[in-house]
Amino acid sequence: MLVRPISEDTGWSATAIAGAVTVGGMLSGIGAPFVGLLADRYSPRVLMTLGVVLMASTFFLIAAAPTVWVLVIGYAIARGIAQNLIAGVVPRVVVVNWFRRMRGRAIGLVGTAHPVGTFVLGPAALLIISAGLGWRGVWVILGIAVIVFLVVPNALVIRRTPEEMGLLPDGDEVTEAGGRAAIEASAREAEASWTLREAIRTPSFALIILSIVLTNYGGGGLPFHMPQIYADQGLREAIGVAAVSMFAISGAFANTLWGFLAERISERLLGIFTMLMGMVLALGFQFISHPVAAVGYGILLGVAARGEGSILMILIANYYGRRSYGAISGLVQTALLGGLALGPLIMSVIRESTGSYDAVFYSAAVTFTIAAVLLALAVKPKRPERAPATATATGGNPQP
């Protein structure tokens, strides 16, 4: 959104500016497991407040950037570290600690917040630029907004668990019977929770990781190429842009939809369903010729290819518990971002080598199908017996 205004104002190449986005995305994936380890050990209030301050500082740094390299550094810090602290791994750890029965909808709502914010910030940035404040003004205003609206709530409201405030998960009534039931449920969940080292040794974890990479190959690549796909099929460029926009917003709200459903239906079955849905949609791209169908297709692809992210985060919580959820979900986040990054690149190579998108459609259908099979094989593992003395061993804190 800001590449052209920055390039026109500074003379920096669009490639270098876009490179900042790429570097930030790569660091976000690399940093997720490390932030997850911190989230398992330290107060989310401290981590999220630190993330907000760091995010605002990098926005001010970008606004004052004298060279493109300062822009790259600022964006890398914002995406690679700050974003994981305030809109990635750490908030999910808080949700898993605070919710049990309603964990699905809570994770879904958290997954919805970031893409909706991105969707809203684009037009807001254009309004700021059109008001004469320029692209630097956009970053200054965003930095101020982050401080004003996020520092105080994070510093005063966020807590690791409801129990430390005398409350119960899911907002259950604090009664003698309710308290006893909550304590028993927490004890059962603590007993069933895994350390990071235990989790990554299970075959199911490897299957889930591979499934995530494969499904996000299609989920990241197809929407990236959607405008060109539709252009090759004779549709106007505006149709492709509209389809991508609808993909983004429908995918955002699909997180909440699948989160609610995951409280009633097996999250593994839901994940398999979305992957098979993606396979059907990938094959169907070659038959799209009407503008309304093209935009509608973007909506359906968003529901299938974006909602699956929350489903799999719920799956990880239910498979491995909350003890080391930060570190475990951080690795899952890395796999997800890796798949999203590989999709556009590999599909571009296929398109250039074959001269059409037909092979791209088939490749996405194959990866969606394999992902569904792998997830079907990823049954819930049984935690190995461990001696009581090692119950707080590597991979998480002793917090149940």
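**Patch and helix**

Modeller: This is a predicted model. Ile 144 sits in helix 6.

Biologist: Is Ile 144 buried or exposed, or something in between?

Modeller: Ile 144 is partly exposed, because its relative accessible area is 44%, and buried would need under 20%, exposed over 50%.

Biologist: Which residues make the nonpolar surface patch?

Modeller: Ile 144 is one of them.

Biologist: New topic. How many residues are in helix 10, and what does it span?

Modeller: Helix 10 runs over residues 237-261, which is 25 residues. From first C-alpha to last it reaches 35 Å. That is close to the 36 Å expected at 1.5 Å a residue.

Biologist: Where does helix 10 bend?

Modeller: At Phe 253, by about 25 degrees.

Biologist: And Asn 255, which helix is that in?

Modeller: Asn 255 is in helix 10 too.

Biologist: Buried or exposed?

Modeller: Asn 255 is buried, because its relative accessible area is 7% and the cut-off is under 20%.

Biologist: What does the Asn 255 side chain reach?

Modeller: The backbone oxygen of Gly 251, at 3.1 Å. A polar atom of the Asn 255 side chain also lies 3.3 Å from the backbone oxygen of Ala 252.

Methods
Residues are numbered from 1 along each chain as its sequence is written. This is a predicted model: local features need pLDDT of at least 70, side-chain atom pairs count only at pLDDT 80 or more; totals for chains, interfaces and linings use all residues. Side-chain values use heavy atoms; hydrogens and water are left out. Helices (H or I, at least four residues) and strands (E, at least two) are DSSP runs, numbered from the N terminus. The expected span of a helix is 1.5 Å times one less than its number of residues. The bend at a residue is the angle between axes fitted to the seven residues ending there and the seven starting there. Patches are made of residues with over 30% relative accessible area and no salt bridge: like charges are joined within 9 Å, nonpolar side chains (Val, Leu, Ile, Met, Phe, Trp, Tyr) within 5 Å. Accessible areas come from the Shrake-Rupley method with a 1.4 Å probe; for residues, only the protein chains shown count as cover. A salt bridge is a side-chain nitrogen of Lys or Arg within 4 Å of a carboxyl oxygen of Asp or Glu. Buried means under 20% relative accessible area, exposed over 50%, partly exposed in between (1.4 Å probe, protein chains only). A polar contact is a pair of N or O atoms within 3.5 Å; within protein, one must be able to donate a hydrogen and the other to accept it, and residues adjacent in sequence count only if both atoms are side-chain atoms.
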